[in-house]
Amino acid sequence: MKALSASEQAVVLSVVAEHKSRPGPLIEILRAVQASLGFVPAAAVPLIAQGLNLSRAEVHGVVTFYHFFRDQPAGRHIVRLCQAESCKAMGADALAGHAKKRLGIDFHETTANGDISLEPVYCLGNCACSPALMIDSDDLRGRVTAQGFDEIVTALGHRT
Amino acid sequence: MTTDVYVPRDASALSLGAEAVARAIDAEARARRIDLRVIRNGSRGLYWLEPLIEVATPAGRMAYGAAQAADVASLFAADFLHGGAHPLSQGLTEEIPYLKSQQRLTAARVGIIDPTSVADYVAHSGYEGLRKALAMQPADIVQAITDSGLRGRGGAAFPTGIKWKTVHDQKAAQKYVTCNADEGDSGTFSDRMLMEGDPLTLIEGMTIAGIAVGATQGYIYLRFEYPHACAALRQAINAARQAGYLGADIMGSGRSFEVEVRVGAGAYICGEETSMLESLEGKRGEIRVRPPLPAIKGLFGQPTVVNNVVTLATVPIILARGAQFYREYGTGKSRGTLPLQLAGNVRRGGLIERAFGLSLRELLYDYGQGSASGRPIRAVQVGGPLGAYIPASQFDTAIDYEALSGIGALLGHGGVVVFDDTVDMAHMARYAMEFCAIESCGKCTPCRIGSTRGVEVIDRIIGGVERERNLGLLEDLCETMLQGSLCGLGGMTPFPVQSILKYFREDFHAQPRH
């Protein structure tokens, strides 16, 4: 387990201090840690557990339960491709195949140059404009074609 | 005089370029020294016309869509600010048949008002429900909801008034109102549209619920996939608090209510109410065994109302217009209206709020105008990933809780996903099991293990390995999951699979795919 740097440790401790008195704070804390550090480092788990008087297993259990939390850094951008029924009805499987080929990676992987992580997502609520994807935290796109996908990755500065 | 121009801030409209359209209008107006105000409204729900620009004219709001930033200069040239003719002109928004034929009660203000303006909300009859509720006895508020016939719009269709009465009757120092905004079903977006387009309706509904049951704290459990809804809700909550509609002394009544948005972390199961409560407490979203019901022992062990966004957003109009007004809409035991969501492979997808009783055929062909691909519609999945696939032979079924349940389907949260005749239904059956395996909370065996075995057995069937024996095994597995699972995820995943076995069985007998 890689130790936290001093600045990472400071982030985790300040997030815990900020949220610990709120009711049911663990997910809020993990979200805040990931927002600051880009992921939830394994070494942050004991610190959070100690701050909330929980066991490490309880914290680890929450980190691993939810799809959103990651224990490794992502690429500079995360592209989430919707794989749910409405998008499938409009070619999401073919689009996923194209995206994987274009980036040379599978779901849950990051391009070798660290530009883009590709994640599946199950519904972005953009079902009347399927197929959909979301870039990073809030850049939603609809009616995405293979060509549109290529334009998106180019605009994100990805070169292969 | 300043002209008001509306460009949606709705996530789907943004996904099609609404932000660039809004910026282009602003820039063009400044270049032409024209005095206008761009208001960022919600979406009207006519998604094939998004981004939809509306201009306020003396005759009413004129619609132009689907517009891109590149169209803006020509719109100004055509004098769209005075309703000028343009290839994108759709006439008066309210006269567009898709919208005109609807019965918008819950979504009455969505797409019309500035979602974060309390003044605009109040000018469109907002907070009339709360005003009336504050003058009533809590038990009478509960009775009004019971009398309206409102049932939970999240999918379970449980009578809302009965749930509220249970919480009302509990003695506890602290009670909670929680809103389930974990709208995870594919093909559904009515919660999102409401939260982005008229969040104050939800906040008002929660406040009324709080006063009715004696709760002072509300939580909205919102999925992380809805960042735009999160922003709109937080803006609206702050605006409501500043205007005295939330906080320690609501509208000078001495009553107190607060609302907080909690964002989830990606877990379909957290749309199940007990799992949502666990997640709100900051834990793994594993479901709780019932009893006790959340109404008796819910969030942090206290009596808790758990309602869906649409349910709570329907409460204000019931209080404002009366239970009788609301229950006059609908049919049989399905009273009121339902905001249906039409999605997938369909020409005109969008939000269609109508009284219960519309037929699937009317929805698909009158509103939807058939498939987007122009090919025949082969199947629709109603009610999300746990809903049955319905074949074309049953499209005359009415859209209400009882009629759909009568053909072995379910209405769920009102999402309808359209598939054309290129769909491989064996693949969709496999996906149903795969989705359950990905999203299972792991607490019970039929769901956790059954879903994975389901994927494997379907792979063998598709691959042509002992097809008949494995089809029998799949049917048996479906029965086990249905009977043995603790909650609806494992217990309903068999519904789409069984419907495919029943109506689209031939797809399992196709040639083995590579």
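Tutor: Helices here are DSSP runs of H or I with at least four residues, strands are runs of E with at least two, and both are numbered from the N terminus. The model is predicted: local features need pLDDT of at least 70 and side-chain atom pairs count only at pLDDT 80 or more, while totals for chains, interfaces and linings use all residues. Residues are numbered from 1 along each chain as its sequence is written, with chains lettered from A and ligands numbered from 1 in the order in which they are written.

Student: Thanks! Where does P292(B) lie?

Tutor: P292(B) is in the loop between α12 and β9 of chain B, and P291(B) has its place in that loop, with α12 spanning 273-280 and β9 spanning 304-308.

Student: Now helix packing. At what angle do α7 and α8 of chain B pack?

Tutor: Two packed helices are described by the angle between their axes and the distance between the axes. Axes are lines fitted to C-alpha atoms, for helices over the stretch in contact, and angles run from 0 to 180 degrees between N-to-C directions. Helix α7 (residues 138-148) and helix α8 (residues 160-169) of chain B pack at about 160 degrees, with axes 7 Å apart. They are therefore roughly antiparallel (under 35 degrees counts as roughly parallel, over 145 as roughly antiparallel, 65 to 115 as roughly perpendicular and the rest as oblique).

Student: Which residues of α7(B) and α8(B) make the contact?

Tutor: Contact means C-beta atoms, placed from the backbone, within 7 Å. From α7(B) come P138(B), A139(B), V142(B), I145(B) and T146(B), and the residues from α8(B) include W164(B) and H168(B).

Student: And in chain A, how do α3 and α4 cross?

Tutor: The axes of α3(A) (residues 44-52) and α4(A) come within 8 Å and cross at roughly 120 degrees, which makes α3(A) oblique to α4(A). Among the contacting residues are V45(A) and I48(A) of α3(A) and V59(A) and V63(A) of α4(A).

Student: On to sheets. In what order do the 5 strands of the open sheet in chain B stand?

Tutor: Strands of a sheet pair through backbone hydrogen bonds, either parallel or antiparallel. Pairing requires DSSP to find at least two bridges between two strands. This open sheet runs β2-β1-β3-β4-β5, with mixed pairing. Its edge strands, each pairing on one side only, are β2 (36-39) and β5 (89-92). Within it, β3 (residues 53-57) and β4 (residues 60-64) of chain B run antiparallel and are joined by 5 bridges, with I53(B) opposite Y64(B). Helix α2 (residues 18-31) of chain B packs on the sheet, touching β1 (3-6), β2 and β3.

Student: Finally, how many residues does each chain give to the contact between A and B?

Tutor: Chain A gives 35 residues and chain B gives 46. On the side of chain A, the elements giving two or more residues are α2 (26-37), α4 (56-65), α5 (85-88) and β5 (139-141).

How values were computed: Two residues are in contact if their C-beta atoms, placed from the backbone, lie within 7 Å.
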